[in-house]
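Here is a short note to read beside the model. Please keep the sequence at hand.

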Amino acid sequence: MREAVPVLTGDPTRGGGAPAFEEYVAARGTALWRSAWLLTGDRHKAEDLVQTALLKCWRRWDRIDDAAAVEAYVRRTMVTTYTDWWRRRWNGELPTTELPDEPDRTPDPGVRQDVLVALARLPRGQRAVVVLRYFDDLTEAQTATALGISVGTVKSQTSRALRTLRESGLLEESDD
C-alpha cells in the first residue's frame, strides 16, 4: 500500500522552510528509513544514510520552489548519497546476518532474510530501482525522477533485476 506524501504547509522560499522540513521529516521519516534499510541491508547504515541525506536536504531546503518536488528531491539525495558511499568504498561497519529490531511484518522470518540476501546480490542501480518501484510503490516516472535517469533505464534495470531475482532461487513462490 502506498503511503500518502504530505502536503507541506510552510513556504520554504520565505523563511518557512524549517517548520515545513520538520513536518516533512515527521511525516516521511519512517518511509525514508525503510527505503534506506532496503538499500543498505543494515539498520545502522540506513540510519546514517537517512540522517546524511536529510542534512543535505535541510541545507538547501529554502531553495526548493515546488512543494510537489520535495519527495523526489529527498529520495534522489538519499540514493545519490548511498551511491557515493559505495563509490568511496565506505566500509565503516561490517555486514551482519542479524535482522534489525523492527517489527516483523513478514509471516516467515526466513522469507525476509531471503529478500535481504537477494537484494544485496543485485547491483546498486538495480537494487535502487527495485526498492523504489516495489517497496516504495513509485511509478516508473517517479522512480526515474528520483534517480535522475530515464524511464527506459528504469524499465531495463527493473527487467534485469527481476530476472536476476528469479534466477537466484532465493525467492521461490510457495503454494501456501
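1. Basis. This is a predicted model, in which local features need pLDDT of at least 70, side-chain atom pairs count only at pLDDT 80 or more, and totals for chains, interfaces and linings use all residues. Residues are numbered from 1 along each chain as its sequence is written, and side-chain values use heavy atoms, with hydrogens and water left out.

2. Salt bridges. The count is four. A salt bridge here is a side-chain nitrogen of Lys or Arg within 4 Å of a carboxyl oxygen of Asp or Glu.

3. Glu71 and Arg28. Their side chains form a salt bridge at 3.0 Å, N to O. Glu71 sits in helix α3 (residues 70-87) and Arg28 in helix α1 (residues 17-40), so the pair ties together parts 43 residues apart in sequence. Helices are DSSP runs (H or I, at least four residues), numbered from the N terminus. Both residues are buried (under 20% relative accessible area, 1.4 Å probe, protein chains only; exposed is over 50%, partly exposed in between).

4. Asp136 and Arg75. The closest N and O atoms of this salt bridge are 2.8 Å apart. Asp136 lies in the loop between α5 (124-135) and α6, and Arg75 in helix α3, so the pair ties together parts 61 residues apart in sequence. Asp136 is buried at 8% relative accessibility. Arg75 is buried at 2%.

5. Network. Salt bridges link Arg28, Glu71, Arg75 and Asp136.

6. Arg43 and Glu47. This salt bridge spans 3.4 Å, N to O. Both residues lie in helix α2 (residues 43-60), four residues apart. Arg43 is partly exposed at 25%, and Glu47 is partly exposed at 28%.

Definitions and conventions
Helices (H or I, at least four residues) and strands (E, at least two) are DSSP runs, numbered from the N terminus.
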